[in-house]
Amino acid sequence: LKEYTRIIIDEADRLSMLVDRMIGPAKKPKICEANIHEILEHVRQLVLADSTHKINIIRDYDPSIPDLKTDPGQLIQAILNITRNAVQALTSHPTKPASNIIYRTRILRNFTIGNCRHRLALLLEIEDNGPGIPDNLQKKIFFPMVTGRADGTGLGLSIAQSVIQQHHGLLECESSLDKTIFTINLPINAITQDVI
């Protein structure tokens, strides 16, 4: 109960800051150093505490990844939005023997995001074994108000993409039957080289 109480308090604080930023003047993210695996573990606890279905969240972490310069609250929101979509896809088609979500982290070296080359970048994959995203939605999923569910708002992935872009990162998706992977690339260090 103490752990769940701490999660509720932390989430209430984080959501309060998020709402303040949304209704207030546009502000830059509050950047500090944060560990990506601590962020993923926080999201994992939230999802498992919230889910009424049996969901396995498998962790495939690279422990050598250094801290990121990020706004942890915003990054938590982006990853949470993607993970909740995965949970909803898995629970809406409960025909599989196991509903799995995989968090995978790796380091990329000399990786280009936009027009900048980064010496080190984070590769974060969020993979699920759900039914996949319908072909007619795959090119539109990051647009606001686009959803495949009757009760969906169509804002979760749009917000996630906006957060990742504010962090000078890249969010992409590949989906087929039984496998959907959202890939997040974020610069790890502040040193960038313009691509010529």
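Residues are numbered from 1 along each chain as its sequence is written, and side-chain values rest on heavy atoms, with hydrogens and water left out. Since the model is predicted, local features need pLDDT of at least 70 and side-chain atom pairs count only at pLDDT 80 or more, while totals for chains, interfaces and linings use all residues. As for pLDDT itself, this is the predictor's confidence in each residue, from 0 to 100. The protein averages 84, and 84% of its residues reach 70 or more. Residues 191-196 stay under 50. For that stretch the model has 16 contacts beyond four places in sequence, a contact being heavy atoms within 4.5 Å.

On to the core. A nonpolar core here is a set of buried Ala, Val, Leu, Ile, Met, Phe, Trp, Tyr and Cys residues joined through side-chain atoms within 4.5 Å. Buried means under 20% relative accessible area, exposed over 50%, and partly exposed in between (1.4 Å probe, protein chains only). The largest such core holds 41 residues, and Ile36, Ile79 and Ile101 touch the most other members. Helix 3 gives the largest share, nine residues. Helices (H or I, at least four residues) and strands (E, at least two) are DSSP runs, numbered from the N terminus. In general, nonpolar side chains of soluble globular proteins tend to be buried together.

Setting aside neighbours within four places in sequence, Ile101 contacts Ile55, Asn56, Ile57 and Ile58, then Thr83, Ala86, Val87 and Leu90, and finally Ile126, Glu127 and Asp128.

Strand 5 is mostly covered, with 11 of its 13 residues buried. Strands count as paired if DSSP finds at least two bridges between them. Strand 5 runs antiparallel to strand 4 over 12 bridges, and Leu120 of strand 5 sits opposite Arg109. The two strands make a hairpin with two residues between them, and Gly114 in the turn takes a positive phi of about 65°. Strand 5 also pairs with strand 7, again antiparallel, through eight bridges; here Glu127 has Ile181 of strand 7 as its bridge partner.

Helix 5 buries Leu157, Ser158, Ala160, Val163 and Ile164. The cover over these buried residues includes helix 3, strand 6 (170-176) and strand 7.

Asn110, at about 50°, lies in strand 4 and counts as exposed because its relative accessibility is 51%. His168, with phi near 60°, is in the loop between helix 5 and strand 6, just after helix 5. At 58% relative accessibility, His168 is likewise exposed.

Last, the cysteines. Disulfides, taken as pairs of cysteine sulfur atoms within 2.5 Å, number zero in this structure. Cys116 is buried because its relative accessible area is 19%, whereas Cys173, at 24%, is partly exposed.
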